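Here are my notes on the model, in short points. Please read them with the structure open.

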Amino acid sequence: MKKSVLIVGGYGVVGRQIAEILRNQQDDLEIFIGGRNPGKAEGLFEEDSSIHAVKIDNLSKDPLKEVRRDLTLIINAVNDPEHYLLRSAVEKHIPIIDITSWTEHMKDSIHMLDKMKLHSPVILSSGWMGGVAALFSRFTTASFKDVHLVNINILLSIADKAGPNSIEYMDRLSVPFEITENRMQRQVYPLTDSAHVKFPNNFRTKCYRIDTPDHYTLPKTLNADSVNVRIAFNHKFSTYSLRFLVATGIWKLISGKSFKSLRKSMLYNPGDGDAHQIVIEAKGLDHDNIKKESTLTISDPLGQTHLTALGAVIQAEKVLQEKTKPLSAKIYFPEELEEGSIDSPFINQFFTENGVNITVV
């Protein structure tokens with residue numbers, strides 16, 4: 001039977017690219033683009049008979065009520081604030097990949113799923129860039145026996161294009177979050193504890209803490225003692241200005257709903273596109289108990305939305321390629337991808353063929 005994928009939020013900046021990459025990867029795949037305004041999707045993909053528009057509203061209690069039940073996979077690329085889409089997919093036994101949740105929202109999803117009987121895989125791939133940072137953190141530590149430290153450092157370009165949901169995490173810049181440090185949990189505040197980082201384009205800057213689901217998943221999946229995720233803009237004045245607003249409490253004063261448009265005007269000014277860069281540093285012991293360090297860099301010339309779309313598609317490949325042995329009905333995190341027909345050479349080839357530069361230092 002012909003395989004089919006529903007991309008919810010498929011006519012957004014990331015969703016469109018997911019559809020295009022999937023179409024290039026899977027010639028015989030039927031793709032459905034879901035959203036509240038199907039007319040938008042019809043205009044974007046009108047020349048492709050394999051892509052269809054359907055109405056999906058994540059704010060309705062059963063978003064999949066009118067959707068066919070024989071879907072191979074759902075990819076959620078838009079906010080699911082009440083978990084309605086996730087619940088509906090689980091109840092209909094449809095595998096689902098979610099790339100949109102912030103940490104606490106993902107934890108709430110897990111809490112809900114723990115009370116449900118799963119009949120199909122649920123891939124919570126909401127780590128940085130659709131789980132790309134977490135996936136390559138696993139590769140960086142593949143030869144380690146013990147992982148003592150993983151640092152994920154992110155460089156955002158102010159000229160990069162982005163969807164409106166890309167700044168959702170900025171609304172939580174005044175909220176403390178939990179990290180794992182030496183196997184102990186402690187709370188930290190965003191944009192604190194700087195670290196000097198050199199990125200692949202030779203840009204050097206201070207990076208500051210940011211809350212991402214990688215803090216939650218990597219200590220579990222890699223058994224890492226400590227995990228840190230930090231971020232900076234490629235324009236130092238932008239980084240320091242935002243940090244000033246947070247440190248002085250001004251950001252907290254404008255964090256309510258009534259100031260949402262103001263915050264958006266300050267942070268959401270997407271450009272035409274620019275490279276997105278990540279540096280992953282790991283420390284630990286090798287299998288001879290000798291101290292080991294490894295650094296991996298990722299640079300996507302097409303920017304953060306493209307890298308996020310690739311993160312979603314590589315997770316989708318796992319579901320779509322498993323013919324004889326389907327994925328188990330359980331929760332997966334993005335760094336748990338590598339098993340069965342999807343291995344590290346396949347993953348590296350996929351990213352490099354799509355223009356991503358990966359370097360192990």
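**Notes on the fold and a few residues**

1. Helix α1 (residues 13-25) lies across β1, β2, β3 and β4. Its direction is at about 165° to β1. Keep in mind that this is a predicted model.

2. The sheet itself is open and has 7 strands, in the order β3-β2-β1-β4-β5-β6-β15. The pairing is parallel. The edges are β3 (51-55) and β15 (331-332), each of which pairs on one side only.

3. Strand β1 (residues 4-8) runs parallel to strand β2 (residues 30-35), and 5 bridges join them. Leu6 stands opposite Phe32 in β2.

4. Two backbone angles deserve a look. Most residues other than glycine have a negative phi. His83 has a positive phi, near 65°. His83 sits in the loop between β4 (73-76) and α3 (84-91). Is His83 buried or exposed? His83 has a relative accessible area of 11%, so it counts as buried, the cut-off being under 20%.

5. Leu191 also has a positive phi, near 60°. Its place is the loop between β9 (184-188) and β10 (195-198). Leu191 is buried too, because its relative accessibility is 8%.

6. Gln304 belongs to helix α10 (residues 304-321). With a relative accessible area of 12%, Gln304 is buried.

Conventions
Residues numbered from 1 in each chain as written. Predicted model: local features only at pLDDT ≥ 70, side-chain atom pairs only at ≥ 80, totals over all residues. Heavy atoms only, no water. Helix = DSSP H or I, 4+ residues; strand = E, 2+ residues; numbered from the N terminus. Buried < 20%, exposed > 50% of the residue type's maximum accessible area, 1.4 Å probe, protein only. Pairing = 2+ DSSP bridges. Contact = heavy atoms within 4.5 Å. Axes fitted to C-alpha atoms, helices over the stretch in contact; angles between N-to-C directions.
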